[in-house]
Amino acid sequence: MNTATAAGARPATTTPGADPLAPVFAQYPLPVTHAEGVWLHTADGRRVLDLYGGHAVAALGYGHPGWTRALQAQAEALNFQSNAVPLEVRTRAAARLLEFAGGHFSQVFLVNSGAEANENALKMAFALTGRSEVVALEHSFHGRTAAAGALTWGAAAKWYGFPRAPFDVRFLPRREASALAGITRGTAAVIVEPVQGVGGAFDLGADYLRALRARCDATGAVLVFDEVQCGMGRTGAPFAAHLYGVMPDMITTAKALGNGFPCAALMMNARVAAAVKLDALGTTFGGGPMACAAILAVLDAIENEHLLENVQRIGERCIVGPVRAHQGAGLLTGLVCDRPAKEIHRALLERDILAGTSGDPQVLRLLPPFILQPGHVERLRAALLDIGAAA
């Protein structure tokens, strides 16, 4: 008899050598073992320039010393406690985040992911208005959970998986001010990405966002900016709301917020925050001490290393190569290609540069760390020109 089985251990249920992970992700042929700065190192000895940042997460790049020290110190002091006890590090993280947002919001609810932040924003909008409809935009991406997925363009046909949406949903075409009449007094919330990420680094622009703000004010709908991908400095401003000069009632953010440590935040203005009741929202891991230490370290780096200024300088220089057009803002850039973006993505990877694709088959998406330098951009420029010359 096998001694491990006799001792009560569960026998293996997978075939030896088989992948134990559920096959739900398409993966690049890039077996990464470690990384530093903006460089990924692979098991087969390659050094790859990362211009995708793990879906816009690695804002500080890899191995950032301040971020690493902060997590190590917090792990040694207190690796976890729930929201059932007050934590000074949690209060500091919330206060710093509100300060970073420029005083436009009064309270923060810390959670784990962008989808969770969006779900809680919607819950607050329903509580405030008593209405049952949410408006989103075509080509949007808000997450894969029940509520966030229902507001993600194309999810119902591709992967949503739930038998029905939990509320009424209306999609409007993006950047069409005339279509804003679809926001009515029956609309609880309007949720938009000021710069769409998966939608192709597509910026909605100040004029459209101002018109959207005005329509929400006229109808009493709550305006939510999903800045999960475009927030935390990626556009060169603290949030895209600042870049365009339009303030929503709530902002959700994640990804760059923790530089790889899972965390997210819902920021609420005074009107929304006044409607929060005890036990109305909840989370187990959100606002944990490790996550809060990561948030503080990211904010420290952005401010002390002048990373917003670097994004502003570098962003325009990322718009290079054989492309028909460009779109986006800062280091959320979409290169509109003269052929399928997957072909250019593949060719760049062959030249040891990792970029990203998007929901638009013609758009190559760049989401590099905020520490990107001109020399890295020159490497991208040379590769793109080489690809163009080879066509």
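Mentor: Start with a cut-off: a residue is buried under 20% relative accessible area, exposed over 50%, and partly exposed in between (1.4 Å probe, protein chains only). The model here is predicted, so local features need pLDDT of at least 70 and side-chain atom pairs pLDDT 80 or more, while totals for chains, interfaces and linings use all residues. Residues are numbered from 1 along each chain as its sequence is written, and side-chain values use heavy atoms, without hydrogens or water.

Trainee: Let me try one. Why does T219 count as buried?

Mentor: Because its relative accessibility is 4%. T219 sits in helix 8, residues 206–219. Helices (H or I, at least four residues) and strands (E, at least two) are DSSP runs, numbered from the N terminus.

Trainee: Which backbone oxygen does the side chain of T219 reach?

Mentor: First the idea: a polar contact pairs N or O atoms within 3.5 Å; within protein, one must be able to donate a hydrogen and the other to accept it, and residues adjacent in sequence count only if both atoms are side-chain atoms. Now the case. The T219 side chain reaches the backbone oxygen of R215 at 3.0 Å. It also reaches the backbone nitrogen of A221, at 3.5 Å.

Trainee: And what does T219 touch beyond four places in sequence?

Mentor: Contact means heavy atoms within 4.5 Å. By that rule T219 touches R131, I183, T184 and R185, with residues up to four places away left out.

Trainee: R213 is in helix 8 too. Is R213 buried or exposed?

Mentor: R213 counts as buried, because its relative accessibility is 14%. Setting aside residues up to four places away in sequence, R213 touches A221, L223, V246, M247, P248 and D249. Look at M247. It is 34 residues from R213 along the chain, yet their C-alpha atoms are separated by 7.9 Å.

Trainee: How far apart are the C-alpha atoms of G321 and P163?

Mentor: They are separated by 44 Å, and lie 158 residues apart along the chain. G321 is in the loop between helix 12 (307–315) and strand 13 (323–329). G321 counts as partly exposed because its relative accessible area is 29%.

Trainee: At what angle do helix 4 and helix 11 pack?

Mentor: Axes are lines fitted to C-alpha atoms, for helices over the stretch in contact, and angles run from 0 to 180 degrees between N-to-C directions. Helix 4 (residues 88–100) packs on helix 11 at about 35°, with the axes 9 Å apart. On helix 4, the contact residues include V89, A93, R96 and F100, and on helix 11 they include C292, L296, L299 and D300.

Trainee: How many residues of each class does that contact have?

Mentor: It has 11 nonpolar, no polar and 5 charged residues. Ala, Val, Leu, Ile, Met, Phe, Trp, Tyr, Cys and Pro count as nonpolar, Asp, Glu, Lys and Arg as charged, and the others, Gly among them, as polar.

Trainee: Which side chain makes a polar contact with that of R96?

Mentor: That of D300, at 3.0 Å. R96 belongs to helix 4. R96 is buried, because its relative accessibility is 19%. Neighbours within four places aside, R96 is in contact with L296, L299, D300 and E303.

Trainee: Where does K255 lie?

Mentor: In the loop between strand 11 (250–253) and strand 12 (264–268). The phi of K255 is also positive, near 40°. K255 counts as partly exposed because its relative accessibility is 25%.
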